[in-house]
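Please read the points below alongside the sequence and the model.

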Amino acid sequence: MLAVMMLGLCACGTTKPQSASPGPTPRTSTLLAHAFVPAYRDPKGGTLIAAERLMRRNRLVEDWAQAANDGFVPPREVSVVARQCGTVNAFYNPQDSSITMCYEMADFMTKLFARPAPGQTAPPDEEGVEENVVGALGGVFYHELGHALIDLYDLPATGKEEDSVDQLSALVLIAAAEDQQDYSQIISTIEAWGRISQQTASRPVARETFADEHSLSIQRYYNLMCYLYGSNHNAFLPLVADGELPVARAVGCEREYARMSSAWHTLLGPHLREPLPVATQTG
Ligand SMILES: [Zn+2]
């Protein structure tokens, strides 16, 4: 997954080629090295047992922690914990440097994807639901990892941090997709935001929602779609041709993707476990 993290940070057309000359010293010391440490806490019971089983069955927390460790040696221990929270959420806590993925979020995603897709009447099969849940939870985790990295490395940021870490999540998922030729995780994440926005489409938007630090669900849906299209506009032209991604936004997506990729590259490059290779990708 280190390759994926590095690909994610290199997949930018505007990045100037990196020279092999010394940059900031990578954190390679293994003595007293800290790490991202996975853990599962038992749910108190009820429907969340199924959510816990889904996460354990797919080794989600283990794989997420491993992906983070492949990319970084954190300056302090960071626990990556799946647990019951009492609310549908996932969050990074800077007080104890922990990333929490709530079983309620897995349960919410399972119910979200168990409904028939728009235009379909039959509910999807369990395997398809689980694949979508795993993908969308990956999108959530890399969002939270973004919050963690901003805190751990005291990264500068302008604009909304919530938007920035959505960008990092998209970068990692798109890089993984390119690496594995499997776009299911980023597509499931986009699909999740589309479904969440549809659930609330008929209700008036509360002032608190407009004021929230997070962008609206429908905006997050279009942002991620724009990044995917911008990463490879030839492959994802149908998003625009079919009218899903408005042309007015689509025309700038390639540049938008390259810029945000370059920005994250600049911010995280010095902290990667291994130095970034010479950038050759121009897509
Ligand atoms: Zn967030």
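1. A residue is called buried when its relative accessible area is under 20%, exposed when over 50%, and partly exposed in between, with a 1.4 Å probe and protein chains only. Val 78 has 0% relative accessibility and therefore counts as buried. This is a predicted model, in which local features need pLDDT of at least 70 and side-chain atom pairs count only at pLDDT 80 or more, while totals for chains, interfaces and linings use all residues. Residues are numbered from 1 along each chain as its sequence is written, and side-chain values use heavy atoms, with hydrogens and water left out.

2. Val 78 belongs to strand E2 (residues 78–83), helices (H or I, at least four residues) and strands (E, at least two) being DSSP runs numbered from the N terminus. Leaving aside residues up to four places away in sequence, Val 78 touches Ala 35, Phe 36, Val 37, Ser 97, Ile 99 and Leu 152, where contact means heavy atoms within 4.5 Å.

3. The axes of helix H6 (residues 161–180) and helix H7 (residues 184–199) come within 7 Å and cross at roughly 145°; axes are lines fitted to C-alpha atoms, for helices over the stretch in contact, and angles run from 0 to 180 degrees between N-to-C directions. Ala 170, Leu 173 and Ile 174 of H6 meet Gln 185, Ile 186 and Thr 189 of H7.

4. The axes of H6 and helix H12 (residues 253–268) come within 10 Å and cross at roughly 95°, which means that H6 is roughly perpendicular to H12, a term for angles of 65 to 115 degrees. Among the residues making this contact are Leu 168 and Ile 174 of H6 and Trp 264 of H12.

Key: Angles under 35 degrees count as roughly parallel, over 145 as roughly antiparallel, 65 to 115 as roughly perpendicular and the rest as oblique.
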